[in-house]
Amino acid sequence: MEEKKIRIGFYALTSCYGCQLQLAMMDELLQLLPRAEIVCWYMLERDSYEDEPVDIAFIEGSVSTEEEVELVKRIRENAKIVVAVGSCAVQGGVQSWEKDKSLEELWKTVYGDGKVKFEPKMAEPVENYIKVDYRIYGCPPEKKDFLYAIGTFLVGSWPEDIDYPVCVECRLKGHPCILIEKGEPCLGPITRAGCDARCPGFGVACIGCRGAIGYDVAWFDSLARTFKEKGLTKEEILERMKMFNAYNPKLEEMVEKIFQEVEE
Amino acid sequence: MKNLYLPITVDHIARVEGKGGAEIIVGDEGVKEVRLNIIEGPRFFEAITIGKKLDEALAVYPRICSFCSAAHKLTAVEAAEKAIGFEPREEIQALREVLYIGDMIESHALHLYLLVLPDYLGYSNPLKMVDEYRKEIGIALDLKNLGSWMMDELGARAIHQENVVLGGFGKLPGRATLEKMKRRLQEALPKAEYTFELFSKLEQYEEVEGPITHLAVKPRGDLYGIYGDHIKASDGNEFPSEDYKEHIREFVVEHSFAKHSHYHGEPFMVGAISRVVNNAPLLYGRAKELYKSHRELLRPTNPFANNLAQALELVYFTERAIDLIDEALAKWPIRPRDEVEMRDGFGVSTTEAPRGILVYALQVKDGRVAYADIITPTAFNLAMMEVHVRMMAEKHYNDDPERLKYLAEMVVRAYDPCISCSVHVARL
């Protein structure tokens with residue numbers, strides 16, 4: 001008897017298409033094919049159907065137009081499991097870096113008085129509109145993130161989130177500490193691990209592309225204190241932490257705390 | 001006059017990077033209007049990086065596009081370094097170009113085999129080709145893997161390369177890795193040549209045959225390549241990159257989040273075929289021979305020739321990367337990074353991304369971005385792309401709409417559009 005194929009859809013909102021590219025580039029994808037049916041994946045499949053029922057919906061990109069708001073709602077209705085893929089879908093992506101500015105201001109800077117017939121909006125994470133069942137982090141996610149997630153789905157299990165920071169992996173690898181030894185604003189201490197401390201391994205400070213660690217254990221305040229001791233202003237700290245975390249509900253409050261303490 | 005025809009629309013053009021559709025409106029007297037709707041949301045990259053620290057902005061710019069993130073990174077870094085008055089050492093420049101070539105090889109291989117070839121072979125997606133075209137899929141994966149591995153080693157990863165920093169690299173691979181890279185490139189050469197042979201046999205539709213003005217960067221050092229400080233047009237005109245605004249005008253069109261561009265008031269083309277048209281005399285090695293023997297197919301009058309031009313570049317850049325690695329190895333050991341001093345200034349970098357000219361103009365003040373203008377190849381190409389889709393539609397509007405849609409999509413795909421790139425979007 002032939003096994004029933006799992007129906008998957010890959011949907012793109014506004015993004016660089018890197019998460020899809022990462023998945024499309026994986027040779028391992030070919031091994032998945034006998035067990036999966038691609039219902040929608042415009043980047044690779046001409047016969048794609050956005051409104052068909054699927055078992056797993058992978059969504060990359062941030063919600064950035066009114067049309068995309070409608071699209072994510074339709075995807076949710078048609079999918080058993082919704083997976084937000086990559087920093088745009090999970091955290092709003094780099095295009096949310098200036099989310100506190102008005103859309104009009106950003107629009108004017110770029111388009112002047114020009115008008116477009118579609119309706120733009122400020123980039124937001126998918127979760128602001130629909131329930132998300134699972135998240136794959138990163139900008140882009142590592143290949144092993146996809147393998148782990150898809151593998152566990154295929155055996156009927158559930159992938160787990162990582163709850164420790166990039167620093168843990170960095171220490172295990174034995175890289176010199178960019179924050180302490182070089183004084184650079186490395187976001188390793190608050191960023192969700194899983195990249196094997198890739199950038200610090202190349203001597204480059206972490207920019208936090210996997211987002212802050214969940215479970216309320218992102219220590220924005222203690223890292224802010226360290227940054228402050230190294231001479232960064234509150235604005236500089238917030239700017240850096242917001243690159244991939246602009247929507248984090250804890251960030252402002254906790255960084256704020258450090259600077260209030262001093263004034264008292 | 002009543003028009004009872006429904007528009008022929010492709011809501012979402014498949015197998016391109018980003019979201020866009022095509023709309024062809026036919027009236028009683030033929031094709032009335034052709035629009036490429038760019039529906040991917042706006043991303044405001046210039047607006048969000050203004051006022052930001054230079055290194056942080058440089059980490060964000062590559063996120064404009066995954067298919068050409070190395071191109072964005074390297075072009076942005078060059079513009080920034082020009083702005084602050086820093087010039088990287090020759091060997092660092094050579095290795096950056098090797099990284100850029102990694103992007104070129106990966107991007108061309110993906111475009112040709114996964115996005116273009118399925119149309120010609122009658123498949124809706126490349127994964128379905130695996131059983132019957134094992135050799136071709138194998139070559140696609142080998143070339144793609146080579147390109148991504150080069151970016152892993154030199155850029156820290158294949159998408160969004162954090163290892164390129166102001167002043168050089170965070171860290172360089174060891175000599176043994178570079179020697180291995182050279183060997184792998186040598187092994188890839190026959191596969192690149194096979195790709196060229198394969199694509200030289202595919203049809204280039206004469207419906208879209210006509211004059212095209214091609215723009216490409218004039219390469220530095222008189223060798224066909226990626227970096228240059230002047231732009232050359234096929235009409236014989238040549239101008240310094242900094243003067244790009246005097247020759248190329250950008251404007252907003254209401255059906256697209258990406259702007260359109262005109263060169264001296266007319267649509268124009270950039271990309272692999274434009275590079276070949278303008279810079280073929282600068283080719284050398286095996287690619288030069290292939291160019292000579294296939295000149296007829298690499299003609300400037302047909303956008304489908306862009307596919308074959310990409311295949312030619314797979315051969316050329318594979319050989320070129322070997323020579324650049326030799327240049328770097330001759331200076332071994334190499335210090336990865338120099339100290340840079342933050343100074344105020346303005347810098348323009350124009351490079352050849354896989355899809356054509358990429359412009360970054362950055363003003364730096366007090367270590368922060370004071371002005372940013374980015375124009376991507378797809379934004380340059382959109383107006384010309386519409387012209388060619390219209391030409392195709394004018395010949396086929398009476399055919400089965402499905403056939404017309406297919407052909408229109410193929411025209412768009414020949415351009416290898418990078419729609420995510422095009423909506424970043426450029427500042428007025």
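Student: Why is Cys65(B) called buried?

Tutor: Its relative accessible area is 0%, and buried means under 20% (exposed is over 50%, partly exposed in between, with a 1.4 Å probe and protein chains only). So Cys65(B) counts as buried.

Student: What sort of model are we reading these values from?

Tutor: A predicted one, where local features need pLDDT of at least 70 and side-chain atom pairs count only at pLDDT 80 or more, while totals for chains, interfaces and linings use all residues. Residues are numbered from 1 along each chain as its sequence is written, chains are lettered from A and ligands numbered from 1 in the order in which they are written, and side-chain values use heavy atoms, with hydrogens and water left out.

Student: Where does Cys65(B) lie, and what makes Cys68(B) buried?

Tutor: Cys65(B) is in the loop between helix 2 (54–60) and helix 3 (69–84) of chain B. Helices here are DSSP runs of H or I with at least four residues, strands are runs of E with at least two, and both are numbered from the N terminus. Cys68(B) lies in the loop between helix 2 and helix 3 of chain B, and with a relative accessible area of 3% it is buried.

Student: Which residues does the UniProt annotation "binding site" cover along with Cys65(B), and how do you know that they gather at one spot?

Tutor: The unreviewed entry lists Cys65(B), Cys68(B) and Cys418(B). They span 354 residues in sequence, but no two of their C-alpha atoms are more than 8.7 Å apart, so they do gather at one spot. Bear in mind that such annotations may be inferred rather than shown by experiment; the positions follow the numbering used here and the feature names are shortened.

Student: Where else does UniProt place "binding site"?

Tutor: The unreviewed entry also has that feature at Glu46(B), Ile374(B) and His424(B). Glu46(B) is in helix 1 (residues 45–49) of chain B and is buried at 0%. Ile374(B) sits in strand 14 of chain B, and its relative accessible area of 0% makes it buried.

Student: Why is the pair Tyr61(B) and Tyr360(B) called edge-to-face?

Tutor: The structure holds 18 aromatic pairs over all chains. In this one the ring centres are 5.4 Å apart and the planes stand at 75°, so the pair is edge-to-face. The cut-offs: rings of Phe, Tyr and Trp (its six-membered ring) pair if their centres lie within 6.5 Å; planes under 30 degrees apart are stacked, over 60 edge-to-face, the rest tilted.

Student: How far apart in the chain are Tyr61(B) and Tyr360(B)?

Tutor: They are 299 residues apart: Tyr61(B) is in the loop between helix 2 and helix 3 of chain B, Tyr360(B) in strand 13 (residues 356–365) of chain B. Tyr61(B) is buried at 0% relative accessibility, and Tyr360(B) is buried at 0% too.

Student: And what makes the pair Phe268(B) and Phe380(B) tilted?

Tutor: Its centres are 5.5 Å apart with 50° between the planes, which makes it tilted. Phe268(B), in the loop between strand 11 (260–263) and helix 8 of chain B, is 112 residues from Phe380(B) in helix 11 (residues 377–396) of chain B. Phe268(B) is buried at 1%, and Phe380(B) is buried at 1%.

Student: How do you know that the buried residues of helix 9 of chain B share a side?

Tutor: In helix 9 (residues 285–293) of chain B, Ala287(B), Leu290(B) and Tyr291(B) are buried. They cover an arc of only 100° around the axis (taken from the directions from the helix axis to the C-beta atoms), so they lie on the same side of helix 9 of chain B. The face turned away from that buried side carries the exposed residues Lys292(B) and Ser293(B).

Student: Why is Glu236(A) called buried, and what does Glu236(A) touch?

Tutor: Glu236(A), in helix 11 (residues 234–242) of chain A, has 18% relative accessibility and so counts as buried. Not counting residues up to four places away in sequence, Glu236(A) touches Gly231(A), Lys53(B) and Arg368(B), where contact means heavy atoms within 4.5 Å.
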